[in-house]
Structures are given as structure tokens and as C-alpha cells.
Amino acid sequence: MTTLAELNSGHMPTWCPGCGDFAILSAIKGALVKLGIPPHETVIVSGIGCGSKMPHFIRTYGFEGLHGRALPPAQAIHLANHSLTVIAIGGDGDGYGIGMGHFIHAMRRNMDLTYIVQNNEIYGLTTGQTSPTTKKGTKTKSTPYGAIDTEVNPILLSLASGATFVARGFAGDIPHLTELIAKGIAHRGTAHIDVFQPCVTWRKDLPYELYKSKIYRLEDEGHDHSDFGAALKKAMETERWPIGLFYQVQKPTYADEIPFIKDKPLVKQDISNIDISKYLEEFA
Amino acid sequence: MKSKNSINFMIGGPAGTGVASVGLLFARCLQRSGLYVFGTNDYPSLIKGGHNIYAISAREEPIYSLCGKPDILIALDKKTIEIRSGELSSGAALIYDANRIADAQALAGRQDIIYMGVPLTEMATKAGGEIMFNTVALGTAAGIVGVEFGVIESLMGRIWSKKGPKIVDANISAAKSGYDFTSKLKKSGFAKRIAKKKVDRKMLFMNGNEAAVAGAIAAGCKFVAEYPMSPSSAILHLMAGHERDYGIIVKQTEDEIAAANMIAGAAFAGARAMTATSGGGFSLMVEALGMMGIMEVPCVIFNSQRAGPSTGLPTYTDQSDLKFSLYASQGEFPRIVIAPGDVTECYVESFNAFNLAEMLQTPAIVLLDKYLSESSQTVEDFRSLGLKVERGMVLDDEELSDLSGPFKRYECTASGISPRCFPGQKNGMHVCSSYEHDETGFTSEDGKNRTAQIDKRARKMSNVPEEMIAPTFYGAERDSAEILMVCWGSTKGPAREALRMLQEKGASARLMHIRYASPFPAKTVLDELNGAKRAIIIEGNSEAQMRSHILEKTKYYIEETLLRYDARPFTPDEIASKVQEVLSKKGR
């Protein structure tokens with residue numbers, strides 16, 4: 001029985017008051033409690049950024065790696081011990097900018113892990129530059145005349161890359177987000193959850209109220225999340241911003257195709273006395 | 001004075017004509033005949049065409065590099081005759097396709113070699129396919145030196161078994177026709193013969209990549225994340241080929257950055273993890289290297305050096321990444337850098353790298369180079385070495401349960417080495433972070449803590465006993481040596497052969513081969529240099545990188561150098577010549 005108290009790391013988050021990351025932290029804790037996952041069997045893997053400080057604010061195992069590089073170690077930790085619950089997390093710059101290559105490849109591997117992106121459409125920790133999800137034309141510290149690049153569509157990208165669970169949440173709706181994260185963790189395969197995360201310091205032009213006015217829930221409008229075509233269509237909507245589960249499908253996971261970890265996680269296998277005779281045969 | 005029962009062989013042709021596979025087979029035939037063999041390849045960076053060779057030296061005693069000029073050359077095309085004839089010894093046999101080449105002598109321009117035109121294509125076609133003309137030539141080469149045909153037959157059956165019995169039989173038939181043809185060559189005047197010797201120990205024929213993989217598997221490596229890059233790609237193929245035999249997860253990644261970051265994650269989770277690459281790939285791993293250093297996760301990175309910089313010469317060799325390996329990544333943190341010198345050391349030091357990385361909880365770089373990675377040697381079976389897996393300070397569940405308070409993954413111990421535990425273990429929760437951190441792993445910008453963590457990480461390196469990392473010595477004793485030759489990495493082979501040549505000429509030389517660049521055996525190296533009458537350093541780069549490293553670590557500056565940076569390995573001749581030149585100089 002996991003409790004919220006158990007998950008308290010004892011460290012106060014260093015985020016700005018009102019930051020959407022508080023809600024995301026809350027939702028992750030809520031999801032772990034809901035699913036009853038022991039903290040010592042959970043690993044939160046992050047990159048670098050405001051949101052990537054997450055591992056320090058929750059009492060589980062944590063790996064705070066390099067900027068843009070949360071997914072590679074998350075995948076490796078999962079493969080090394082697939083009995084663990086692995087949650088990769090990071091911002092939109094971390095995941096869709098510098099980390100874009102790893103993102104696409106991770107989505108197509110369908111390893112059993114969850115990837116939460118704290119999407120605030122800005123680079124926060126470095127004080128306000130444009131990010132891959134910053135809408136074209138937005139004025140930021142590095143784009144004072146308006147961003148020229150067309151913004152990335154993360155949902156479309158993960159659908160196209162073969163992700164088997166694609167969802168979007170909103171930091172302004174914690175119960176909904178908690179449910180989504182719990183579903184994502186429970187999903188057998190890669191779960192991508194992009195989260196609208198208002199940044200109260202650098203994106204005062206994107207306040208909670210604006211999100212609330214544009215957002216609607218996919219499940220409220222009869223969206224069939226087993227329909228890939230419908231998911232693609234919803235992913236391309238710009239007038240309104242859908243949240244909820246876009247797409248989910250059951251497929252074999254990456255680990256399903258590795259026969260020798262079926263009965264025992266890799267790290268539990270004995271390495272004290274390896275016999276290399278078979279390997280040496282071809283050189284004898 | 002060459003050993004009587006010895007032979008030098010070369011085969012050359014365009015890529016795609018089986019130069020390496022025939023060369024390798026001939027090398028193994030010689031080993032089966034009781035000789036010690038050294039074989040190496042040379043090929044440009046392309047898939048078809050160009051000029052490839054496989055060269056062999058074999059003799060009754062252990063052999064460490066190519067020694068002397070080829071006594072036999074199989075030329076599979078005209079280009080080979082043009083390019084390589086000048087290298088042949090006097091009286092050498094040049095085997096070529098009489099069906100395709102009209103006037104070999106005009107191409108070769110030598111009066112003192114024996115031209116053996118053999119109807120290779122005709123005989124190959126009769127045996128089942130023109131493509132086997134290289135096998136016919138192999139048969140002839142074996143025939144003229146006296147290798148028993150049975151050896152060829154059984155080796156082909158074993159090594160080429162994957163091609164299927166039909167192809168194997170056709171090749172045996174092709175080789176036989178080439179072998180039998182030698183009865184027509186009895187009056188050629190070719191004098192070299194080898195005598196079959198009985199071999200009582202179990203010997204292997206392996207190259208550096210193959211031995212490094214053996215060491216990694218034996219050391220319990222369970223996770224490989226790698227991106228293909230010449231000359232390290234074979235490591236990926238070998239590991240992948242055996243993943244199910246040994247339960248090793250092998251992942252070809254999207255790039256080297258993913259590879260390096262993956263192995264850090266795997267190591268954090270408790271799996272012994274490695275990657276392999278060459279200079280350009282290692283460049284991409286640099287940020288992750290520092291992360292491994294500050295996180296204190298053990299990873300093993302094999303860098304098989306090619307001639308750089310940048311894309312450089314992908315299929316040629318160099319020793320120019322030493323300093324790069326020692327200093328890569330921002331900031332200061334300990335790392336292990338080992339450069340094995342021969343195939344057996346590739347096995348041993350690969351194994352050691354995994355142990356040391358976990359003992360010191362820091363990344364280990366094993367420096368190979370194209371020459372070492374792809375040159376094969378006769379070596380004794382590694383299983384007799386009896387190396388043991390040692391995982392360092394890893395706490396079990398019971399030890400963890402005794403703890404009160406948060407687990408201090410980065411505890412400032414006297415040795416600098418902190419206790420380690422893995423995700424899944426109760427009571428051991430901590431964050432492994434690339435930020436500077438306090439003893440629990442929590443991000444910390446505090447000055448006192450920062451100084452303490454830097455010192456803690458640095459003093460981890462002092463835990464390695466000097467005996468483990470000490471250089472190896474060959475040749476004369478310190479007191480009697482006229483000169484101390486210093487080298488590192490694969491220069492060891494040619495240097496050992498040079499030592500032999502010098503001994504035969506009555507010169508008393510001593511060779512010091514350095515394997516560990518970090519931690520560095522400063523005391524032993526300085527003692528040795530101080531006790532030497534003269535010293536010379538031999539390395540395959542233009543800036544004398546090991547000389548600089550020795551200077552930094554011992555304050556000793558080695559005046560004399562022999563540097564080679566034409567992207568080729570040293571020859572024993574040039575080393576011996578240079579040493580003699582230095583010896584003949586007046587004064588120190």
C-alpha cells in the first residue's frame with residue numbers, strides 16, 4: 001500500500017509558485033498511489049530543465065541525466081530490470097528539441113515505460129527562449145521579432161512514430177491528469193503523455209484561463225481512441241486544444257522479443273562464473 | 001637470422017574477392033600445422049574494388065607482428081602485382097591467374113622472384129564456379145610450402161560450414177586442384193617449406209576485437225548499446241551473435257549519444273554495461289562521460305582508434321586519441337584509461353576494465369586501434385587465466401535494511417568509494433544526478449560540499465595497487481640495458497620483434513610497455529627512466545602524446561622519439577634501425 005506520505009522526498013520543489021509542475025508532481029504521486037506501486041520499484045528519469053528536477057521532489061529512485069537525454073537511460077533502466085516502473089520526464093525543449101531524435105526512436109520501440117512531457121512552450125530554466133512547441137510568430141528572448149519556425153506537433157509525431165499510447169493532459173486539471181498517468185503506467189508499452197504546463201514566469205501570455213478556454217476533453221466528444229485515423233485528425237486540430245487519450249493499441253513490447261529475460265530480469269542473472277567456451281569455439 | 005621453420009605470406013585483390021577470408025584460412029592452416037601466426041589486413045574504406053591485402057607471418061616461436069618480406073604473394077588482380085611486387089623477398093613466389101594475366105613479369109618488374117602462373121579461373125570453373133579462383137590459389141600456396149591438404153580440408157569444413165556443404169565441397173575441390181597443380185611447379189626453384197609441428201596446448205587465433213568481446217562476456221557484461229563505426233563494428237556483431245548464448249541485451253542505438261546515455265542507465269540499474277566506437281563516436285559520447293563521472297556509474301567504453309582527426313582514415317590505424325581519452329569532457333573527474341598491447345591483453349584488460357569500473361565506480365575507456373582490433377594472433381586459451389568478477393562496494397538488502405535515514409549514495413568515505421545499491425532494493429532510494437550533489441544525491445550548490453565531493457571522487461583513484469597497473473618489461477635487465485624503449489598500445493608487437501632483432505645484433509635493449517594511462521604507474525615509470533642510460537619513446541601519433549603524459553606525471557622528458565603517423569603500424573625493422581641509430585650517437 002503506497003501512501004502519499006511515503007512519496008514525500010522532504011525537499012521543497014524550487015519551482016515558481018503557480019508553476020504547472022506542482023500539479024504534474026501531484027498527479028504522478030496520485031497515480032503511483034492509485035496503482036499501489038512501491039516507491040523503491042519506481043524510477044523517475046529526467047533530463048535537464050525546471051521540470052527535470054522532478055526526481056528530487058518524489059521519494060523513489062531517480063536519474064537526472066543530461067539535457068535531451070532522459071529517454072535513452074530510461075529505456076536502458078527498463079531493459080536492465082523490467083520489473084521496475086520507469087517514468088521518463090522532461091520539458092518540451094528537452095524532449096522535442098535536443099531530444100527529438102531519441103523521442104522518435106523511443107516511440108517506435110514500444111518499451112514498457114511512460115514518457116511525460118512538461119510542455120510549457122518555452123525554455124524556462126535558461127530564462128525564456130523559444131522552444132520547439134512555441135507557436136510560430138511568438139516573441140521570446142531569442143526571437144524578439146517572432147519565432148520563424150513552425151511549431152512541432154508532438155502528438156502527431158508520436159502517433160507517426162508508432163507509439164501505442166498517446167495522450168495529452170493539462171496541469172490545470174489534476175484529477176484528469178492523474179487518471180491519464182495511471183492509465184499510461186498501466187499500459188503495456190510506451191505511453192506518451194504531453195502535458196500543457198502553464199509557465200507563470202515566462203509565458204504570462206499563456207495563462208491557465210487561456211488554456212481552459214481552448215481545451216476540451218476527447219472523451220466528452222465520443223472520440224474512439226482505438227481509431228488511428230481519428231487520432232490523427234484530432235492531433236491536427238488547432239482551433240481547440242483536445243486533451244485526454246488520443247490513441248491506444250496493444251502490441252508486443254520490446255521486452256516480449258527478448259526471450260532470456262522472460263523469467264528473470266537481466267540484473268538478477270548470475271554473472272559470477274560465465275563460461276566462454278561456446279564463444280571461443282569459432283576461434284579454436 | 002630468421003627462424004628456419006617460418007613463412008611470410010600475402011594475398012591481395014579487390015574488395016569482394018575474398019582476400020580476408022582466404023588469408024584468414026591460410027593463417028589458420030599454418031597454426032594447425034604447429035606454427036605461431038600473426039595475420040593482419042589492409043583495406044580502403046569502400047565495399048567493392050580498391051586494393052585489399054591480408055598478410056601473415058608465421059614461425060615456430062611466438063610471433064608478435066609481421067616480420068620480414070613476403071615469401072609468397074597471391075595476386076588476385078594486376079593491381080596487386082604492380083603495388084606489392086616490390087615488397088617481396090628474393091626468391092619469393094608470385095602466384096597469379098595465368099588465364100587473366102599475360103605478362104606478370106612486366107607488371108612486377110623483378111628478375112629475382114619466381115613467377116607461378118596458375119590457371120586459377122579455369123580450375124575454379126571446373127570445380128564449380130569462377131568465384132573460387134582465390135581458393136585454387138590458396139591450394140597452390142599451401143602445396144608449395146608443404147601444408148598438408150587434410151588441414152585445409154578440415155578447416156574449410158569447420159570455418160566455412162555456414163555456407164552449406166555444397167559450397168564447402170566445391171571449395172575443397174577447387175583448393176585440391178590448386179594443390180595438385182604444384183606437381184607442375186616442382187622445378188620452379190621455390191625453396192621455402194614448413195615442417196608440421198605437434199601442438200600440445202589449446203591455441204586460439206583471434207584478433208583484438210574478438211578477444212575484447214571474450215573478456216567482456218567473461219566479465220559478466222549484460223548490456224551493450226552500440227552504434228556501428230569502423231574499426232569497432234565487429235564488437236557489435238560478435239556481441240549480437242552471442243546475445244542468446246549468454247543472455248546479453250544488445251541494442252544498436254540511433255546514435256552514439258544514445259549508446260553512452262543508455263549504458264549509464266543500465267549501470268545505474270545494476271547491469272554491467274559497455275559500448276564500443278571509434279574516435280568520432282567517442283566525441284559524441286563526451287558529455288555522457290562526464291555524467292558517468294559525476295554520477296559515479298561504472299561503464300566500459302571501447303575506443304578502437306582510427307587515424308583521425310574527424311572522419312580521417314576509417315580503415316587505417318593511429319594512436320592519437322590518448323590525450324583525448326584522458327581529458328575528454330568538461331570539469332574534473334576520475335576515469336580509467338587502459339591501452340592493451342596485444343590480443344591476450346585485450347581479453348585481460350577488457351575483463352579488468354569491468355572490475356575496475358565497478359570498484360572505482362567510474363567510467364573506463366579501453367583504447368584499441370584498428371591494427372590491434374583487426375590483427376589476429378596465436379594465443380593461449382583464455383580460460384586458463386582464471387580471472388574473477390568483482391563488483392566493488394554493492395550493498396545487499398540486509399545491509400540496506402540496517403540503515404536509518406536516507407541512503408547516502410555519495411557518502412564521503414576515506415577511500416572515496418561510496419556504497420552502491422540498485423533500483424528495486426528497499427531503503428536504498430536516491431537520485432543519481434548529473435548536477436553536483438550532496439551525500440544523498442540531492443542537488444547542492446554549497447561550496448564546502450562541492451569541495452568535499454571533488455576530493456572524494458578524486459581520491460577513488462588511489463585505491464588501485466601499483467602492481468595491477470605497472471608496465472611490463474621485456475629484453476635486457478635494467479642494469480645491463482644500453483637503451484630503454486618505451487611504447488604503449490599495439491606498438492608492443494613490432495617493438496618486441498625489434499627487440500629480438502637487436503638482441504641478434506648484440507645490442508642490449510630493454511622494452512617498457514605501458515598499459516595503464518589512468519591510473520598511471522608513475523613511480524615504476526620514473527624509476528625505470530631514471531635508471532636508464534638512454535631512452536626512446538615509440539608511438540603512432542605526431543605529437544608524442546604518451547611522452548607528454550609521462551612528463552606530466554613524472555616530470556621526466558624523453559628526448560628521443562620515433563613517431564609514425566602515416567596511418568600504418570610500425571615495422572620491427574624501422575624500430576630496430578632507429579634504436580641502433582640512437583645507440584650510435586655519442587653521449588646520452
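A salt bridge here is a side-chain nitrogen of Lys or Arg within 4 Å of a carboxyl oxygen of Asp or Glu. The model is predicted, so local features need pLDDT of at least 70 and side-chain atom pairs count only at pLDDT 80 or more, while totals for chains, interfaces and linings use all residues. Residues are numbered from 1 along each chain as its sequence is written, chains are lettered from A in the order in which they are written, and side-chain values use heavy atoms, with hydrogens and water left out.

**Exercise 1.** Find how many salt bridges cross the interface of chain B and chain A.

*Solution.* Step one: apply the rule across the interface, and two salt bridges turn up. Step two: look at A:K278, which forms a salt bridge with B:D245, their closest N and O atoms being 3.8 Å apart.

**Exercise 2.** Work out how many residues each chain brings to the contact, and what area is buried.

*Solution.* Start with contact (heavy atoms within 4.5 Å): chain B gives 71 residues and chain A gives 55 residues. Next comes buried area, the accessible area (1.4 Å probe) that two parts lose on being put together, summed over both. For chain B and chain A this is about 5300 Å², with 66% from carbon and sulfur atoms. Finally, B:I249, B:E254 and B:M429 supply 13% of the area that chain B buries against chain A, more than any other three residues.

**Exercise 3.** Say in which sense β2 of chain A and β15(B) pair.

*Solution.* Strands are DSSP runs (E, at least two residues), numbered from the N terminus, and two of them pair if DSSP finds at least two bridges between them. Strand β2 (residues 61-64) of chain A and β15(B) pair in the parallel sense, over three bridges. To place one bridge, take A:E64: its partner in β15(B) is B:S433.

Terms used
Helices (H or I, at least four residues) and strands (E, at least two) are DSSP runs, numbered from the N terminus.
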